[in-house]
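Subject: Structure handover

Hello,

Here is the structure we talked about. Please have it open while you read; my notes follow below.

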Amino acid sequence: MNIPYTVEERPDTGLANGKLGIWLFLASEVMLFGALFSTYIILRVGATEWPHGELNIPLGAINTVILISSSVTMVMAWASLKMNEWGKHRLYLLATFVLAAVFLVNKYFEYSAHFATGEGPWHSTFLAIYFTMTGLHGLHILGGMIVMAYFLGPGAKLWKTNPDQFANRIEYTGLYWHFVDLVWIFLFPVLYLL
Amino acid sequence: MDKSATHHPTVAHPHVEHAHEELGFWRTYVFSVDHKWIGIQYAVTGLLFLLFGFTLMMLMRWQLAYPGRPIPLIGGLFGQDKAPGGIMLPEFYNQLGAMHGTIMVFMGVVPLAVGGFGNFVLPLQIGAPDMAFPKINMMSYWAYFLGGVTMLASFFMPGGAAQSGWTSYPPLSVINQGQQTMWLIGMMFLITSSLLGSLNFITTTVQLRAKGLSWMRLPFFVWAQFVTSFLLLLAFPPLEAAGILQLMDKVAGTSFFMPSGLVVSNRIVTSMTGIAQGSVASGGGNPLLWQHLFWFLAHPEVYVLILPAMGIVSEIIANNTRKPLWGYRALVYSLVFLGFMSFIVWAHHMFMTGMGTTMSAFFQTTTMIISIPSVVILTALLMSLVGASIRFTTPMLFALAFLPMFGIGGLTGLPLGLAPSDIHLHDTYYVIGHFHYVVAPGTIFALFGGVYYWFPKATGRKMNDLLGQLHFWGSLVAINLVFFPMFIEGLAGMNRRMYDGGAQFAHTKSVLYWNVVQGYAAWALGLFQLFFIVNFFMSIKWGKAVDRNPWEATTLEWAAPSPPPHGNFLTEPIAYRAPYEYSVPGAAKDFTPQFEPERA
Ligand code: HEM
Ligand SMILES: [Cu+2]
C-alpha cells in the first residue's frame, strides 16, 4: 500500500503531504514561541526594574550572523539538489551543520560565563526567561542538527532511489531551519538589546 | 483537466498487494502503522483510562458522602501516607481530584474521541488508504502511552500524584509536595502526542480526500475532526510553554509564576524545590500568567471535548432518521466559527481573579457570541428529527440523549459566562455540574453511541441490542442523579474541591444529603457500565456477523469491507454526491450511498 501525494503534489491543493505537514508543524511552533514572547512581555511590563547589560552582545551578534549564514547555506544545499549537483549539496549541508555547531559552542561559552558567577535561571526573572527561551531555541538547533546529520549519513541513500523525495525532505528541513533562524532574529534584539 | 489521471489507483489489486504484507506480531499489533489498529489502540486505552478515572472518582464520592469514615474493603491498601486506617487524607483526596480531571480529559475523552474515532473513521470516511503520515501516527499513540505511564507512575512516587487539580494553578502547584513535576512531564508527552496527531489529521483531510469528495460533501464528522485538529494544533503549544515555565519553577528555581514575598502558612516562601534547593527565589513572577496560558489552551480544549461528539451524533442521527441532516451548511459554518471564537473566550474562567472590568466585559461578550453557533448546531440537529421515522437503535438512543444533555450543559454555561452571575457561581458545584453535563452525559454518551455505531465496521459484528438498551437506560437515569444535584448544591453555595464535601460550612448543611444520593447513583452508574463491558467483549466473538453496510448508511466508510483490510478499500472509492442522501424521492431504496455511481 502506498499513500498518495507523498512526493508529487495533489493538483487541486498544489501541495505534497510533507509540505503541508511541515507548515502545520511550524504554525504550532509559532504558537509555542509566541506564548513565550507574550510571557516575556507580561513579566517585563510587570517588573519594577529590568536589568541591562548582563549579556555578551558581541557574541550574540556573531551568533546572529552565523545563523543567518547557515540559512543561506541551507538554501544552497537544496538548490544544488535541484541542479543535480550532489557534491555541492553535501558541502553546503555540511557547512550548515558546522555553523549550527559553532552557534551552540558560542552559546555554551555564554551560559558557562553566567553559571561561573552563580547566576543561573534562579537568579532573576530576566535570567529565567533568558535561559528558558534560548535554551528551548538551542534544543531546536540541536534537533535540526540531528536531522541534518541523518541526511548527511544514512538518510542520504534515498537520493539514489528517489531523488525527488530526498529533495523534498531537504526542503522541509530548510523550512524548519529558517524558522529556527527567525526565532533567533527575534530573540537577539529582545533579550540582548532592548 | 482530467482529474482521474492524477489520482492513484492505490489499491487496485488488493489481493496481489496484500499477499506480501505479512507483518510479524509486533508490527501488526503493537507498533502498527495501520490507522484502524492505531485507532483501536487509542480507543481501548482511552476506555481503560475512563474506567480508571471513574474509579478514582468513586473513592472521592465515598469521602464526600461520608467524610472521615474509613473506605470499606479496600481502605487498607493505600498505605499510611494516603489513607491511614483506611481514612482518606486531604492530600490523597487532592491527588484523586487532580488525577481524575487530568485522566478524564487528557487521557480518556480526547484520546477516545480524537485518537480513537478520528483515527479509525476519518480516513475511511474520506476514502483514503490510511493517514498521510502512518509512522507519525504510530508515534503519536506511543507518546500518549508514555504520558499515561508517567501520570500513573506518579501515584507510587514519594509525595504521591499531583494535587493541584487538572488546572494546576500556581503558586500551590509549585510549592505542594505532590509529584507536580511528573504531571508536567506527563503533559509534555500528551501534548506532543496531540500535536503529531493533529497535523496528521489536517494533512490527511486536505490531501487524501477521495475523488469527488469536495469540501461540502464531507461528512460532518470529518468537519468536526478537522476543526478539532486545528484547536489542538494551535492551542496546545501555549500550554506546553506554560508547562515548561512551571517545570522551570519546580526544578530550576525560577519564579515565573511565583510572586515576591509569598506567604504560605505564615511563612514567607523563599526557596524552591529541586536542584536549586536553598537558593532564594527571585520573585517577581505572575500567578495569573499561568491562568491565562492555561485557559488559552483549556477553553479550546473543552471544544476539543465536544466537537468530535457532535460529529458522531450527526452521523448517527442522519443514519437513524433516514433523512439528510437539517442545514448541513449552517452546521459547517457554525462549526468553523465556533473553532475561531474558542480562541478568544478563555478569560471567562478568570472573572474572579481581579483582572478588571474591561477584560471581563470583553470576555463575557465573546462568550455570549460563541454560544450562538453552539445553539445553531443543537437546533439543526433537533430539526433533523422533525418528521422523521426514527429507528431507535442503541447508537441512536445515545445520540438522542446527547441533545438535551448537551443542552443542559450549554445553557447552564450562560450564567457562568456573565461576570455578575459568575461571581456567585464560580468555584461551586454548579460549575462542576455545568461541565459534567457537557462532558459526561454529553460527550461520553456520544462516544458510547459511536462505539455501538462503528463496532460492526471494526469487527464485522454487531453489538447486542438488548444489553445496549439496558446500558443506555440505566446510565441515563443514574448519570442524571449524579450530576443534577450538583446544580442544587452549587446554588446553595457549596464549594468545589472540598475534602469534606462542604460539611464544615453551615450554609450547605441543608444540601449535604445530596452527596449520599450521588454516591449511590455513582455506584449504579458504574454497575450499568458492566452491560457495556460484557457486551463489548462478547460481541467481538459472538456478535451477529454483518456485511459491509449493516446500518444502510451513505458515507464512504461503509463501502469498505468490515473489518477493512490494510489499505482499506478493495477498489478506489469515488464520491458521487453529498453525504446524507437518505430517502431521495424516486430512489429505489431509502438510502443512496455516496459511493454508488449514478445510474446510466
Ligand atoms: C456553550 C456554551 C458554554 C458556555 C457559555 C460556557 C461557560 C463556562 C464558564 C464561564 C466557565 C467558568 C466558570 C467558573 O469557573 O466560574 C465554564 C467552566 C467550564 N466549562 Fe463551560 N461553557 C460552555 C460550554 C462548555 C463545553 C461545550 C464544555 C466541554 C465539553 C465546557 C467545559 C467546561 C469545563 C471543563 C469548565 C470548568 C473548568 C474548571 O474550572 O475546572 N463548557 N464554562
Ligand atoms: Cu471556557
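The donors of the copper ion (ligand 2) are spaced H-x48-H-H along the chain. Donors here are N, O and S atoms within 2.8 Å of the metal (3.2 Å for Na, K and Ca); water is not among the atoms, so sites may look incomplete.

Before the rest, some ground rules. This is a predicted model, in which local features need pLDDT of at least 70, side-chain atom pairs count only at pLDDT 80 or more, and totals for chains, interfaces and linings use all residues. Residues are numbered from 1 along each chain as its sequence is written, chains are lettered from A and ligands numbered from 1 in the order in which they are written, and side-chain values use heavy atoms, with hydrogens and water left out.

**Metal sites**

Copper is held by His299(B) through ND1, and by His348(B) and His349(B) through NE2, at 1.8 to 2.0 Å. His299(B) sits in helix α10 (residues 287-321) of chain B, while His348(B) lies in the loop between α11 (328-341) and α12 (357-385), 49 residues apart. Helices are DSSP runs (H or I, at least four residues), numbered from the N terminus. Both His299(B) and His348(B) are buried, meaning under 20% relative accessible area (1.4 Å probe, protein chains only).

The iron atom of ligand 1 has His434(B) (NE2) as its only protein donor, at 2.1 Å. His434(B) belongs to helix α15 (residues 429-459) of chain B. Iron and copper are 4.7 Å apart.

**Core**

The largest nonpolar core has 238 residues. Such a core is a set of buried Ala, Val, Leu, Ile, Met, Phe, Trp, Tyr and Cys residues joined through side-chain atoms within 4.5 Å. Phe117(B), Leu239(B), Leu307(B), Ile317(B) and Phe402(B) have the most contacts inside it. α10(B) gives the most to this core, 20 residues.

**Interface of chains A and B**

The contact (heavy atoms within 4.5 Å) takes 36 residues from chain A and 49 residues from chain B. About 3400 Å² is buried between the chains, 71% of it on carbon and sulfur atoms. Buried area is the accessible area (1.4 Å probe) that two parts lose on being put together, summed over both. In chain A, Met1(A), Leu24(A) and Trp122(A) lose the most area to chain B, together 20% of what that side buries.

There are 0 salt bridges between the chains, a salt bridge being a side-chain nitrogen of Lys or Arg within 4 Å of a carboxyl oxygen of Asp or Glu. α1(A) gives the most to the side of chain A that touches chain B, with 15 residues.

Best wishes

Conventions
Helices (H or I, at least four residues) and strands (E, at least two) are DSSP runs, numbered from the N terminus. Buried means under 20% relative accessible area, exposed over 50%, partly exposed in between (1.4 Å probe, protein chains only).
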